[in-house]
Amino acid sequence: MLEVEGLKKSFGGLMAVNNVSFSIKRGELVGLIGPNGAGKTTLFNLITGFHKPDSGSIKFEGRDITGLRPDRICKMGIARTFQIVKPFSNIDVTRNVMVGAFSRTNDYRAAREEAIEVLKLVGLIEKRNEVPSALTIADRKRLELARALSTKPRMLLLDEVAAGLNPKETLDMIELIRKIHGDGITIFMVEHVMKAIMTLCERIIVLHHGEKIAEGTPKEIASDEKVIEAYLGEKYLL
């Protein structure tokens with residue numbers, strides 16, 4: 001479904017992504033981990049068109065999307081959340097989600113109906129008339145997820161949706177991601193919360209200094225010496 005080949009991106013003298021290659025099959029749930037500054041968000045930005053790569057290629061469902069604008073990539077079926085959530089503060093939760101729905105329709109009623117369905121899915125329907133500033137961190141994360149889902153993606157890129165959540169909220173987010181994946185959406189997720197990554201993902205890719213240093217099942221990654229040294233610090237017990 002997604003094919004990344006030889007991707008490179010530098011900012012000045014810093015090589016943020018260095019010759020990264022991998023593929024994701026339709027229906028997979030794949031994790032992306034690594035230390036801060038490893039290039040994870042930059043990789044997401046390259047895939048979704050917010051940055052143009054210096055070299056390499058990105059294909060989605062067999063079509064070359066390298067360097068396309070974010071709106072075009074979104075309409076092709078890739079949506080994403082952002083590490084720092086930035087909802088539209090002057091409109092309510094429903095209309096925040098409708099913004100995403102308008103990428104698929106120009107009809108106000110259809111966009112509102114789609115937003116309501118998505119808000120039911122993410123558990124925000126009771127807060128549909130509130131402004132984002134009134135929401136908890138966990139609910140703002142759900143709103144960010146709802147805005148992405150309202151674009152009707154076939155692939156969803158999640159950038160640290162569990163960051164800042166308490167243990168109960170983290171478990172709830174894990175179950176929500178599992179439900180979204182169960183509905184047929186392919187998921188590629190960046191996360192520092194190892195419980196979320198190790199619980200959800202079938203396969204994990206590890207970046208360090210912009211390079212892919214490992215790829216494998218959670219069990220393989222948890223015991224990989226290079227990953228332990230670069231990121232985990234100790235063997236992760238599954």
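A salt bridge is taken here as a side-chain nitrogen of Lys or Arg lying within 4 Å of a carboxyl oxygen of Asp or Glu. In this predicted model, the side chains of R69 and D71 are joined by such a contact, with a distance of 2.9 Å from N to O. D71 is partly exposed, its relative accessible area being 37%. A search of the whole structure finds 15 salt bridges, and among the residues involved, E28, R203, K212 and E215 are joined into one network through salt bridges that share partners.

A further salt bridge is formed between the side chains of K9 and D54, at 3.9 Å from N to O. Because K9 belongs to strand β1 (residues 2–11), whereas D54 is found in the loop between α1 (40–47) and β4 (55–60), this pair ties together parts that are 45 residues apart in sequence. K9 has a relative accessibility of 13% and therefore counts as buried, the cut-off for this class being under 20%; D54, with a relative accessibility of 45%, counts as partly exposed.

The side chains of R26 and E61 likewise meet in a salt bridge, for which the N to O distance is 3.2 Å. This pair links distant parts of the chain, with R26 placed in the loop between β2 (14–24) and β3 (29–33) and E61 in the loop between β4 and β5 (63–64), 35 residues apart. At 55% relative accessibility R26 counts as exposed, since that class begins over 50%, while E61 counts as partly exposed at 31% relative accessibility.

Note on methods: Residues numbered from 1 in each chain as written. Predicted model: local features only at pLDDT ≥ 70, side-chain atom pairs only at ≥ 80, totals over all residues. Heavy atoms only, no water. Helix = DSSP H or I, 4+ residues; strand = E, 2+ residues; numbered from the N terminus. Buried < 20%, exposed > 50% of the residue type's maximum accessible area, 1.4 Å probe, protein only.
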